[in-house]
Amino acid sequence: MPESRPVNEPCCNSPREPKKARKSRGKSRLGCSLCKKRRVKCDEVRPACSRCTAHPHLCAYPSVSVPRWNNQVITFLLPNVPEMPAWVARTDDQSNILPQSEHDNIATAPNAESAMHQSYLSLVMTDSSKSFDTRDVFLLVHFTSTTSFDLLGSQKLWAKDAMQLAFQHNFLMHAILALSARHLQEAAPLLSQNCPSYDYSMLEAHHFQRALSGFSNGFNSGTHSTQDAGLATSFVLFFYASAACNADQPPAQACEDASFTFLRGIQTLVANSSSVAHSGLFKTLVAPPLLLPTLFPRAVPVVGPGAALMGLLDGLAASSPFREKRELYVERIESLTSYLSAATRQDIGAEVAEELLLACFRWQAFCPAAFVAATNEQDPIALAVLAHYYAAVELIIRVVKNKFWWWQNKPRHMVKLIGQSIGLAWVAWVAWPMEVVHMLGR
C-alpha cells in the first residue's frame with residue numbers, strides 16, 4: 001500500500017484556480033502622438049482629444065508617414081483633372097484619418113473610404129508637369145485628413161468643396177499646400193516621435209509665394225467658380241498669416257498685421273458679388289447677418305479697459321494732431337466694447353468662447369479701410385486699439401484651448417509687437433493688453 005499523503009499537501013491532479021482574465025478596454029490605434037508617447041488610451045476626438053483638451057497641450061495626430069524624397073518623383077498637373085466623384089470621401093467622417101505606415105511612400109488608408117480618396121489623388125497624377133510632386137501629394141493628404149478639421153466652417157467645406165476648387169485653380173492649391181506645410185511644422189515636436197523629421201520651411205515658402213502670385217492674377221476674374229476660389233484662397237491665406245508668426249521671436253520690422261490683407265480680400269469679393277454671399281460655397285461664413293460691420297452693437301464703454309482707453313483719448317491735448325482722427329478711434333473703441341466685456345467674463349464656456357472667437361474674426365474682417373491704413377502707418381492710437389482687440393482674443397482662446405491651432409500664437413505675438421514698437425510716450429495706452437499677455441504668459 002502506498003504511503004498516505006499528508007492532509008495539507010496539494011494533489012498534483014487537483015484542479016487549479018482559473019486566472020482572472022484582464023478586462024480589455026480596447027486599443028487606440030489612431031490616437032494622438034502625446035497619448036501614444038504616454039502609453040495611455042486616446043479617445044481620438046478631433047481636432048483635439050479629451051486628454052489634451054483637459055490640459056494645455058498641443059494635440060497632434062500622425063497622418064501619414066514621411067516619404068523618402070529621393071525615390072522616384074510623382075507629379076500631378078492642374079487644372080485639367082476629372083471632377084471629384086461621389087465615392088470620394090465622406091471626408092467629414094473622422095474615421096478617415098490616415099495611420100502611421102511602414103511603407104516608404106504615401107501610407108495605406110485604414111478603411112475603404114480613405115483608400116478611395118487616395119485613389120482619386122492618383123487620378124490627378126501625371127508625368128507631363130513638374131508643378132506638384134510627391135511631397136505635395138503628402139501635404140495634400142495631410143490637409144484633407146488633419147488640417148481641415150480645425151478651420152473656420154465645417155471640415156467638409158475644406159476637405160471636399162475647397163479641394164474640388166483647388167483642382168481647378170492652382171493658386172488655391174498652392175495656398176492649401178502652404179498651410180498644410182505650416183501645420184506640419186507646428187506639430188513637428190510631437191510627430192517626430194513617430195516619423196523622421198523633415199524641414200517643410202522651403203516647401204512652405206515656395207507654395208506661399210506661388211499662391212500670392214497666382215492669386216493676384218486671378219483675383220479680378222468675374223466667373224462664379226473663380227470668385228469661390230478667390231474667397232477660399234483669402235480664408236486659407238488668412239489662416240496661414242495667423243499661423244506663420246512666432247510669438248517668442250517678434251520680427252525687427254514695422255508693426256503690421258498681415259491678416260488685414262487677406263481679410264480685406266474677403267470683404268472685397270463679397271461686396272463685388274452678392275451671389276458669393278447668398279449662394280456660393282462659403283455662404284455659411286459670409287452670408288448676412290455676418291456681413292454687418294460688427295456682430296455686437298456699438299456701446300459707450302463705462303468701465304473696464306474700453307473706458308480706460310476712451311479716457312486717454314479724451315485727455316489728448318487740444319493741439320494734438322491725433323484729434324483729427326477722433327471719430328475713427330471712437331467708432332473702433334465703441335465697436336470693440338462688447339467684445340472686451342465678453343472676454344473679461346469669468347464664466348465663459350468652451351462653446352460660447354468659440355462663437356466669440358468667430359465674432360472677433362468678423363470684427364477684424366470688417367474694420368474700415370481708414371483704420372487699416374492707420375495701423376499700417378504706425379498710428380499709435382490705432383495700434384493701441386488693435387492691441388486691445390488681440391488681448392481680448394487671447395483671453396477667449398485660452399478658454400477654447402486646443403481649437404484653432406493657427407490662431408493660438410497670433411494674439412500674444414501682436415500685443416508684444418505693438419508694445420515694443422509703440423514708444424514710451426504711449427505705454428499707458430497698451431497697459432491692459434500687456435498685463436493680459438504677462439498674466440497668461442506661456
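This note walks through a predicted model of one protein chain, point by point.

1. **The chain as a whole.** Start with the overall make-up. The chain has 19 helices and zero strands. It counts 442 residues, and buried residues make up 51% of them. The exposed surface comes to about 21,700 Å², with carbon and sulfur atoms supplying 53% of that area. Now take the contacts between residues at least 6 apart in sequence. Of these, 75% join residues at least 24 apart.

2. **Helices H4 and H5.** Two packed helices are described by the angle between their axes and the distance between the axes. Helix H4 covers residues 134-145, and helix H5 covers residues 155-166. Their axes come within 9 Å and cross at roughly 140 degrees. Which residues of H4 and H5 meet? From H4 come Leu 140, Phe 143 and Thr 144. From H5 come Gln 155, Trp 158, Ala 159 and Met 163. Sorted by type, the residues of this contact are five nonpolar, two polar and no charged.

3. **His 174.** This residue sits in helix H6, which spans residues 170-186. Is His 174 buried or exposed? It is buried, because its relative accessibility is 2% and the cut-off for buried is under 20%. Leaving aside residues up to four places away in sequence, His 174 touches Phe 132, His 206, His 207, Arg 210 and Ala 211.

4. **Aromatic pairs: Phe 138 and Tyr 200.** The chain has 19 aromatic pairs. In one of them, the ring centres of Phe 138 and Tyr 200 are 6.1 Å apart. Their planes meet at 25 degrees, so the pair is stacked; the cut-off for stacked is under 30 degrees. Phe 138 belongs to helix H4, while Tyr 200 is in the loop between helix H7 (188-191) and helix H8 (201-218). The pair therefore ties together parts that are 62 residues apart in sequence. Phe 138 and Tyr 200 are both buried.

5. **Aromatic pairs: Phe 208 and Tyr 240.** Here the ring centres of Phe 208 and Tyr 240 lie 4.5 Å apart. The planes are at 25 degrees, so this pair is stacked as well. Phe 208 is in helix H8, and Tyr 240 is in helix H9, residues 224-243. These two residues are 32 apart, and the pair links distant parts of the chain. Phe 208 and Tyr 240 are both buried.

6. **A ring cluster, and Phe 404 within it.** Ring pairs join Trp 158, Phe 235, Phe 238, Phe 239, Phe 361, Phe 404, Trp 406 and Trp 407 into a cluster. Trp 158 also takes part in the contact of H4 with H5. Look next at Phe 404. It is found in the loop between H17 and H18. Phe 404 is buried, with a relative accessible area of 2%. Lys 403 lies over the face of its ring, 5.2 Å from the ring centre.

7. **Positive phi values.** Most residues other than glycine have a negative phi. Phe 404 has a positive phi, near 55 degrees. Gln 378 has a positive phi too, near 65 degrees. Gln 378 lies in the loop between helix H16 (369-376) and helix H17 (380-400). At 28% relative accessibility, Gln 378 counts as partly exposed.

8. **Gln 420.** This residue is in helix H18, residues 410-421. Gln 420 is exposed, with a relative accessible area of 57%. Along the chain, Gln 420 and Cys 255 are 165 residues apart. Their C-alpha atoms are separated by 9.1 Å.

Notes
Residues numbered from 1 in each chain as written. Predicted model: local features only at pLDDT ≥ 70, side-chain atom pairs only at ≥ 80, totals over all residues. Heavy atoms only, no water. Axes fitted to C-alpha atoms, helices over the stretch in contact; angles between N-to-C directions. Helix = DSSP H or I, 4+ residues; strand = E, 2+ residues; numbered from the N terminus. Contact = heavy atoms within 4.5 Å. Nonpolar A, V, L, I, M, F, W, Y, C, P; charged D, E, K, R; others polar. Buried < 20%, exposed > 50% of the residue type's maximum accessible area, 1.4 Å probe, protein only. Areas by Shrake-Rupley, 256 points an atom, 1.4 Å probe, with all protein chains shown as cover. Phe/Tyr/Trp six-rings, centres within 6.5 Å; stacked < 30°, edge-to-face > 60°. Lys NZ or Arg CZ within 6 Å of the ring centre and 35° of its normal.
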